[in-house]
Protein chains: 2
Amino acid sequence: MTAPSRQPTAVTSHRTPPVHTHPGEVPLETALLALADPVRQTLVRELAGAGDWERSCGSFDVPVTKATLSRHFAVLREAGLLEQRDAGPKRLNRLRRAEFDERFPGLLDLVLRHGG
Amino acid sequence: MTAPSRQPTAVTSHRTPPVHTHPGEVPLETALLALADPVRQTLVRELAGAGDWERSCGSFDVPVTKATLSRHFAVLREAGLLEQRDAGPKRLNRLRRAEFDERFPGLLDLVLRHGG
DNA sequence: CTGAGTGTACGCAGATCATCGAACACCCTG
DNA sequence: CAGGGTGTTCGATGATCTGCGTACACTCAG
């Protein structure tokens, strides 16, 4: 049967579920580097000001193209700061506040306070 | 003999007193970037484990040459983390713990705890 | 003065990072 | 199926950072 013939496209799709890293496994260096970038700081602050799963990736006001934005989200995921979930064509976001805070107490608050 | 004739050498000397930045004027981004580097983390931890003005620049156990080490110290100074004072041929160091802590509460402790 | 010890400045190589445009995959609606 | 909307990946570019060797300035001890 040759089967459903869903030819492997050799290209990772948008629908590949996002790869997450738990804050508990994140090195301090990774966390600091992730939070040092101004664009990512903005993302984190806007995330903190909204409820879980409220904001989609394209809903953030940052002066970069969507390609760059996508990279920033990946960095935040790898730093254990962000959780993402697919909802239709959109990808919804949640700040992993409690989990990250347990791992690096005070760090997230520091970023939220400065420049807020 | 016409004077000692100390010709201006046009090259900044070692003895130029170190340029310091007060923690109160340091942007969060600068602080995070300074503390993200593994070598600088080691320096900060060793500094924290010693008394003020106890350690000279060359007394740190890090796997870099002294030229690179000198650069790292400059970064720490610009981040408001380090104060330096000349004592004879040596340059003594002090971690600006209280001042930095007032500006970024908890950040330094985070670095000292992780990997200590 | 000479020499050893200490630390900085400069210039270069290599690595990493942020950014972009373009191409692509996916979802939903019509 | 066609098309608009959403988000990812790829490749290239420019900037920044770390690292090193070298040269140099300074201090102190002989």
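Analyst: In this predicted model, chain B is superposed on chain A by a rotation of 180° with 0.0 Å of shift along its axis, at an RMSD of 0.0 Å, where copies are superposed by least squares on the C-alpha atoms of residues with pLDDT of at least 70 in both. That is the relation of a two-fold axis. Two copies of a chain are, in general, related by a rotation about an axis and a shift along it.

A word on conventions comes next. Residues are numbered from 1 along each chain as its sequence is written, while chains are lettered from A and ligands numbered from 1 in the order in which they are written. Because this is a predicted model, local features need pLDDT of at least 70 and side-chain atom pairs count only at pLDDT 80 or more, whereas totals for chains, interfaces and linings use all residues, and side-chain values use heavy atoms, with hydrogens and water left out.

Now to the interface itself. Here 16 residues of chain B are in contact with 16 residues of chain A, contact meaning heavy atoms within 4.5 Å. Of the interface residues of chain B, 100% are also interface residues in chain A, so the copies meet through the same surface. Between them, chain B and chain A bury about 1,400 Å², with 74% of it on carbon and sulfur atoms; buried area is the accessible area (1.4 Å probe) that two parts lose on being put together, summed over both.

Across the interface of chain B and chain A the rule finds zero salt bridges, a salt bridge being a side-chain nitrogen of Lys or Arg within 4 Å of a carboxyl oxygen of Asp or Glu.

On the side of chain B that touches chain A, at least two residues each come from α1 (28-36), α2 (38-48) and α5 (107-113) of chain B, with helices (H or I, at least four residues) and strands (E, at least two) taken as DSSP runs, numbered from the N terminus. The most is given by α1(B), with six residues. By kind, the residues of the side of chain B that touches chain A are 11 nonpolar, two polar and three charged, where Ala, Val, Leu, Ile, Met, Phe, Trp, Tyr, Cys and Pro count as nonpolar, Asp, Glu, Lys and Arg as charged, and the others, Gly among them, as polar.

One residue to look at here is B:L110, which lies in helix α5 of chain B. Leaving aside its neighbours within four places in sequence, B:L110 is in contact with A:L28, A:F104, A:P105 and A:L107. At 1% relative accessibility B:L110 counts as buried; buried means under 20% relative accessible area, exposed over 50%, and partly exposed in between (1.4 Å probe, protein chains only).

Turning to salt bridges, the count over all chains comes to 14. In one of them the side chains of B:E46 and B:R55 meet at 2.9 Å, N to O; B:E46 is partly exposed at 22% relative accessible area, whereas B:R55 is buried at 18%. In another, the side chains of B:D52 and B:R94 meet at 3.8 Å, N to O. This pair links distant parts of the chain, with B:D52 in the loop between α2 and β1 (55-56) of chain B and B:R94 in strand β3 of chain B, 42 residues apart. B:D52 is partly exposed, with a relative accessible area of 46%, while B:R94 is buried, with 14%.

B:R94 also forms a salt bridge with B:E83, the closest N and O atoms being 2.8 Å apart. B:E83 lies in strand β2 (residues 82-87) of chain B and B:R94 in strand β3 of chain B, so the pair ties together parts that are 11 residues apart in sequence.

Finally, B:R96 is found in the loop between β3 (90-95) and α4 (97-103) of chain B and is buried, with a relative accessible area of 8%. The side chain of B:R96 makes a polar contact of 3.4 Å with the side chain of B:H22.

Key. Polar contact = N/O pair within 3.5 Å; in protein donor to acceptor, adjacent residues only side chain to side chain.
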